Amino acid sequence: MNSAHASLKSEITSDINWRKVRTDFPILDLKIDGKPLVYLDNAASSQMPQLVIDRLVRYQTKQHANINRAVHYLSEVATQEYHDARCKLQQFINAREDREVIFTSGTTDSINLVMQGYGRKFIQANDEIILTTLEHHSNIVPWQMLANEKGAKIRVVPINDKGELDVDEYERLFNERTKFVGLIHVSNALGTINPIKRMIDFAHRYDVPVLIDGAQAAPHIPIDVQALDCDFYAFSAHKLCGPTGVGMLYGKAALLESMQPYKGGGDMIASVTFEETIYNTIPHKFEAGTPPIAAAIGFGAAIDYLTAIGIENIAAYEFTLLDYATECLAQIPGVKIIGTANEKTAVISFTIDGVHPHDIGTILNQDGIAVRTGHHCAQPVMQRFNVPATSRASFAFYNNKTEVDALIAGIKTVQKVFL
Amino acid sequence: MHTNSLYQEVILDHNRKPRNYGKLDQASHHAVGHNPLCGDRLDITLQLENEQICDIAFQGESCAICKASASMMTTAVKGKSRSNAEILIHEFRELATGKLDTSHPHHLGRLTVFSGIRDLPTRVKCAILPWHTLHAALNSISNTSTEANNDSAQVVSNHSVG
């Protein structure tokens, strides 16, 4: 653990009652086959606190109408609430302006927006796009599609045996043909926190814009897009205690203005004739059609909820869970942790000798324990570690040491079954 | 659903000591099956003489359910005629998807230990992959996938997916 994390740890505020925080999440009271649910699949999707559920209900029961259109009361209320949600996100990531925050359907959609809007306009044949081995498929496939279309080339930053990026090699990949960098902030498969600030600064020496996939970072690390100086930053609501179907893309205003729209339709236009369409200003240029209004407002409520607890406090608490779980897992013979970066979020990918991850997942499920098994949409990471798949326990601030103990007991049950 | 009823000793035993594991040097039929959802890969070789499966082998990377299913399948179909093997393939698929009424006569014998899989929809394809691949091999489809057809319980269509 480096000094940054050590300081976060020392700052842990004793006045947060994490046991009480847990009671904010009604789903955590579920029993699975008579056993208490132990939900350790937070990297796939987090659960929703009652406050956000209530916000969705209030919107649907008292505030719903289409936005940016009619002059009637409900439309004005909904338009204002939707705008307020955008402002909450702006503050959450410390963007300069609210128009730099675009609502999308999620991280994947955000990345595709950048590929279509920026990539298709500015990336040409023989240009190079730098990605890393740690990328989720959602930050690989769109760029491959673009590279195939344009005759551009993808260069890949390798990782070491701990699952950390080789930043020296990253820097060596740059040349005059480098036109774009796509970089995952936190690896979904391994939990590795990448040194994105250093990498962004280096790319900017070559005037190369950087897109950060923050899907796994935003729930666990304070994000300041101005301090990072990233050009784009993307994440989804449903990994931040919000609803599915909505996410956001931050983009520097000048870049967003230079880009072509990704989808055509209502709301994204200033005027339309059959001869010509004049596009609306940002962010509307990128929000064609009726957006997921309810989900966006729920996203805003989730941001309020997390901000009230404090992402720093969440990070510090989750580090204690990570340390405890890592220590416990390391003591079980036959269990191997995949991804041992010095800087990690509370994600543990592991294998058990002689047992396929899907069998692990099924047997843990019998004890009410939910983990993810598979390739985590990160097949290049699996290939790097020469495993077809792993099991992954990913923790949130509403998890606790009792649940870590349940996981450990579950793993021992798996080993007993396959003895 | 108690998962223990699925991970029974007979399944664990076939996982630990798979029968007919490997690849036949002399094979009249061969197919590779994939389950892209979990990365499982199964390679089946068999020797068909006078419409009879006189030898069969499998190898590959898979979970315990898939490996045990493959192992028990090879012991079940070895020596059987092609048409009898196809009956077993059909019945096994019906069993795994909960469509087989086991109180009626069937030919599955000990293979009914897999009946519990019907309660785990995400694992049904693990159990079916070997049978799916065997069917492909018998019909000279060299490459198949659990996703080759929307309903894995259906007979694989002629187009193959890599």
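How many residue pairs are in polar contact between chain B and chain A? In this predicted model, the count is 7, with both residues of each pair at pLDDT 80 or more. On the side of chain B that touches chain A, the elements that give two or more residues are helix 1 (9-16) and helix 2 (64-77) of chain B. Helix 1 of chain B gives the most to that side, with 3 residues. By residue class, the side of chain B that touches chain A comprises 10 nonpolar, 5 polar and 3 charged residues.

The contact as a whole draws 18 residues from chain B and 11 residues from chain A. The area buried between the two chains is about 1300 Å², and carbon and sulfur atoms give 49% of this area. The interface of chain B and chain A holds 1 salt bridge. This salt bridge joins the side chains of Asp359(A) and Arg123(B), with an N to O distance of 2.9 Å.

The largest nonpolar core has 160 residues, of which Phe397(A) and Phe114(B) touch the most other members. Helix 11 of chain A, residues 293-309, gives the most to this core, with 12 residues. Apart from this core lies another, of 24 residues, including Leu211(A), Ala234(A), Leu255(A) and Ile282(A).

The surroundings of Phe114(B) were also examined. Leaving aside residues up to four places away in sequence, Phe114(B) touches Ile11(B), Ile65(B), Ala68(B), Ser69(B), Met72(B), Phe92(B), Leu95(B) and Ala127(B).

Key
Residues are numbered from 1 along each chain as its sequence is written. Chains are lettered from A and ligands numbered from 1 in the order in which they are written. This is a predicted model: local features need pLDDT of at least 70, side-chain atom pairs count only at pLDDT 80 or more; totals for chains, interfaces and linings use all residues. Side-chain values use heavy atoms; hydrogens and water are left out. Contact means heavy atoms within 4.5 Å. Buried area is the accessible area (1.4 Å probe) that two parts lose on being put together, summed over both. A salt bridge is a side-chain nitrogen of Lys or Arg within 4 Å of a carboxyl oxygen of Asp or Glu. A polar contact is a pair of N or O atoms within 3.5 Å; within protein, one must be able to donate a hydrogen and the other to accept it, and residues adjacent in sequence count only if both atoms are side-chain atoms. Helices (H or I, at least four residues) and strands (E, at least two) are DSSP runs, numbered from the N terminus. Ala, Val, Leu, Ile, Met, Phe, Trp, Tyr, Cys and Pro count as nonpolar, Asp, Glu, Lys and Arg as charged, and the others, Gly among them, as polar. A nonpolar core is a set of buried Ala, Val, Leu, Ile, Met, Phe, Trp, Tyr and Cys residues joined through side-chain atoms within 4.5 Å. Buried means under 20% relative accessible area, exposed over 50%, partly exposed in between (1.4 Å probe, protein chains only).
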